[in-house]
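Welcome! Take a moment to look over the sequence and the model, and then we will walk through a helix and an interface together.

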2 protein chains.
Amino acid sequence: MKKHYVICYDISDDRKRNKIDQLLKNKGMRVQKSVFECIITEAEFLKLKDRLVKYIDFDTDSIRYYFLCKHCVEMIETAGNTPTHEEKDLTII
Amino acid sequence: MKKHYVICYDISDDRKRNKIDQLLKNKGMRVQKSVFECIITEAEFLKLKDRLVKYIDFDTDSIRYYFLCKHCVEMIETAGNTPTHEEKDLTII
């Protein structure tokens with residue numbers, strides 16, 4: 001079963017940021033420069049976190065993970081030029 | 001009753017971004033360069049959105065609003081150098 005995660009980052013090093021972008025692009029959609037939304041299983045999420053953490057400088061960088069339940073996904077609002085999901089194969093609790 | 005909102009933005013114009021920062025700082029806490037968490041009432045949220053939208057260039061800029069219910073707030077995870085809330089006067093549904 002897939003779940004909806006919002007992942008935001010502040011990464012100072014360009015090379016590391018590119019690597020993190022790549023990992024997130026493989027698992028989700030970029031919705032802002034440093035914000036991705038991933039609709040993935042919990043197992044995929046745990047694995048993704050493990051891989052992302054290797055690229056973080058714990059003094060300067062940060063990643064925030066927000067899980068959104070079905071209700072909170074329905075409450076997402078946007079203003080301006082921002083992509084939205086086509087919920088293809090999506091089952092959210 | 002206060003609710004937990006995550007507000008992320010991509011704003012190209014420096015002056016507008018500063019103004020948006022100011023509005024968000026008045027209502028919440030910066031948790032990343034372009035991500036704020038606001039624990040505010042729904043009325044305050046509606047007013048904040050109305051004020052923020054004035055500063056958006058709908059071609060280049062974007063703001064995303066995520067409401068987090070109590071469960072989703074408890075699921076917030078972070079890695080690296082990132083502030084956390086002290087839930088002072090906080091009641092979340």
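## The start of a helix

Let's begin where helix α1(A) starts: there, a side-chain oxygen of Asp13(A) comes to within 3.1 Å of the backbone nitrogen of Arg15(A). Keep in mind that this is a predicted model.

From that point, α1 of chain A runs over residues 14-27, 14 residues in total. Its first and last C-alpha atoms are 20 Å apart, close to the 20 Å expected at 1.5 Å a residue.

Which residues of α1(A) are buried? They are Ile20(A), Asp21(A), Leu23(A) and Leu24(A). These residues lie on the same side of α1(A) because they cover an arc of only 165° around the axis. Among the elements of chain A that cover them are β1 (2-10), β3 (35-41) and α2 (42-52).

Turn to the face pointing away from that buried side, and you will find the exposed residues Arg15(A) and Asn26(A).

## Where chain A meets chain B

Each chain brings 36 residues to the contact between chain A and chain B. Together the two chains bury about 3,100 Å², with 52% of it on carbon and sulfur atoms. On the chain A side, Gln32(A), Arg64(A) and Glu77(A) lose the most area to chain B, together 22% of what that side buries.

Four salt bridges are counted between the chains. As for the elements on the chain A side, β4(A) gives the most, with seven residues.

How values were computed: Residues are numbered from 1 along each chain as its sequence is written. Chains are lettered from A and ligands numbered from 1 in the order in which they are written. This is a predicted model: local features need pLDDT of at least 70, side-chain atom pairs count only at pLDDT 80 or more; totals for chains, interfaces and linings use all residues. Side-chain values use heavy atoms; hydrogens and water are left out. Helices (H or I, at least four residues) and strands (E, at least two) are DSSP runs, numbered from the N terminus. The expected span of a helix is 1.5 Å times one less than its number of residues. Buried means under 20% relative accessible area, exposed over 50%, partly exposed in between (1.4 Å probe, protein chains only). The arc is that of the directions from the helix axis to the C-beta atoms. Contact means heavy atoms within 4.5 Å. A polar contact is a pair of N or O atoms within 3.5 Å; within protein, one must be able to donate a hydrogen and the other to accept it, and residues adjacent in sequence count only if both atoms are side-chain atoms. Buried area is the accessible area (1.4 Å probe) that two parts lose on being put together, summed over both. A salt bridge is a side-chain nitrogen of Lys or Arg within 4 Å of a carboxyl oxygen of Asp or Glu.
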